[in-house]
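I am opening a notebook on this structure, and I want to look up a few places in turn. The entries below follow the order in which I looked.

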Amino acid sequence: MGRVINTENPSKIRNHHRRSIAELLRRLSQKPQVDAEAKDMAATIVFLLEEIHDGVQQTIVAWEKRGYWMKAERFLRDWEWTKATAANFDDVIRHEAWDLLPELMVELMPRFADVQVKKMMRKPSLWQNSYKKLLERPPLPAPY
């Protein structure tokens, strides 16, 4: 029997989610007001940031098993913002403080400046009903 190779590694998933968030940020910035679709998009950003954070944790565990302590610590510091940003977006969405959304987006955009979005590739099915799903689960803990 041959070796099983997982092609869906955390790095590939992280890059896919980064691309999705970059597209969502662009779409959100083009919206004149916060409508139902904008709420779904904002909620999707929360879910994608959480998945990026989970992938970072998987990578750190793997590196620590191999004894790459410094590399794991540096990697964690580079990506720890994902959890706090997800919690901030979650808080804004739950309290319907939509006036704070542009500020959060401006803080987030530099993190995705290296992602080139020439053509929108993500379908609306990615973010449909995300707002409802977000409100049905417990809130994220405060980042601080």
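**Entries on a predicted model**

I began with Arg-18, which I found to be buried, its relative accessible area being 10% (buried means under 20% relative accessible area, exposed over 50%, and partly exposed in between, with a 1.4 Å probe and protein chains only). This is a predicted model, in which local features need pLDDT of at least 70 and side-chain atom pairs count only at pLDDT 80 or more, while totals for chains, interfaces and linings use all residues. Residues are numbered from 1 along each chain as its sequence is written, and side-chain values use heavy atoms, with hydrogens and water left out.

I placed Arg-18 in helix H1, residues 10–29 (helices are DSSP runs of H or I with at least four residues, numbered from the N terminus). Leaving aside residues up to four places away in sequence, I noted that Arg-18 touches Ile-52, Trp-79, Arg-111, Phe-112, Asp-114 and Val-115, where contact means heavy atoms within 4.5 Å.

Next I turned to helix H4, residues 81–94, which is mostly covered: 10 of its 14 residues are buried, among them Trp-81, Phe-89 and Ile-93. What covers these buried residues includes helices H2, H3, H5 and H6. Just after H4, I saw that Glu-96 takes a positive phi of about 50 degrees.

Last, I looked at Pro-141, in the segment after H6, and recorded that Pro-141 is exposed, with a relative accessible area of 58%. Pro-141 and Leu-49 are 92 residues apart in sequence, and I noted 14 Å between them in space, C-alpha to C-alpha.

Definitions and conventions: Helices (H or I, at least four residues) and strands (E, at least two) are DSSP runs, numbered from the N terminus. The expected span of a helix is 1.5 Å times one less than its number of residues.
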